[in-house]
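Have the viewer open and follow along.

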Amino acid sequence: MGGKSFGKAPGGGGTPGRGEFGDSGRERARRRGQGQLEAQVLAALHEASGPATAAWVQERLGGDLAYTTVMTILSRLHAKQAVTRERSGRAYVWTPAADEAGLAALRMRRVLDGEPDRDAVLTSFVSALSAHDEQVLRTLLDRATADAPATADGPVTADGPAPAGDPAAESGTDRRR
């Protein structure tokens, strides 16, 4: 590109290691994906002794993220119900509602909820599990079945006995979300 360079000061100086547009290759390599940022923000909130501000989270993450980026991630986590927020003056304080595993489970549930053929998606998912993951899932399902109350009418959901013909009654799941 001929002509003037955008990242240099007048007189040809400039910041060492900076490209034409003001960012170095190292900075580009350090960019994190949205999922990684969400996990880091959640981890920081879990370290807090109570509700934390976005500025506290930004500081905890090393301050290399813009405050607006931290707010965007916190807002996305709030929309996913992974964090809760409460007004504190003009700002919000944030509290984790889920850990990293909980956040992954929320994403999985949302994907499943968005699919028209849940049975096919679950079948495909389960058939692709490793032997270890399948055993973990079997153990969890057995434990959930053993802990679930039942009546002569069939399974019980969080709302009470499931009505006859209700798909939740047939699968033993609670369809509320």
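The dialogue below goes through salt bridges in this predicted model.

Q: What is the general idea behind a salt bridge, and how many salt bridges does a search of the whole structure find?
A: Side chains of opposite charge can pair when their charged atoms come close. Here, the search of the whole structure turns up 5 salt bridges.

Q: Where in the chain do K80 and E38 lie?
A: Start with the contact itself: K80 and E38 form a salt bridge whose closest N and O atoms are 2.8 Å apart. K80 sits in the loop between α4 and β1, while E38 belongs to helix α2, so this pair links distant parts of the chain, 42 residues apart.

Q: Are K80 and E38 buried or exposed?
A: Both K80 and E38 are buried. There is a further partner to look for, as E38, K80 and R107 are linked in a network of salt bridges.

Q: Which parts does the pair of R60 and E47 tie together?
A: The side chains of R60 and E47 meet in a salt bridge, 2.8 Å from N to O. Because R60 lies in helix α3 and E47 in helix α2, the pair ties together parts that are 13 residues apart in sequence. R60 counts as partly exposed, at 47% relative accessibility.

Q: What about R138 and E134, which both lie in helix α7?
A: Their closest N and O atoms are 2.7 Å apart, in a salt bridge between R138 and E134. The two residues are 4 residues apart, about one turn of helix α7. R138 is partly exposed at 47% relative accessibility, and E134 is partly exposed with a relative accessible area of 29%.

Technical notes: Residues are numbered from 1 along each chain as its sequence is written. This is a predicted model: local features need pLDDT of at least 70, side-chain atom pairs count only at pLDDT 80 or more; totals for chains, interfaces and linings use all residues. Side-chain values use heavy atoms; hydrogens and water are left out. A salt bridge is a side-chain nitrogen of Lys or Arg within 4 Å of a carboxyl oxygen of Asp or Glu. Buried means under 20% relative accessible area, exposed over 50%, partly exposed in between (1.4 Å probe, protein chains only).
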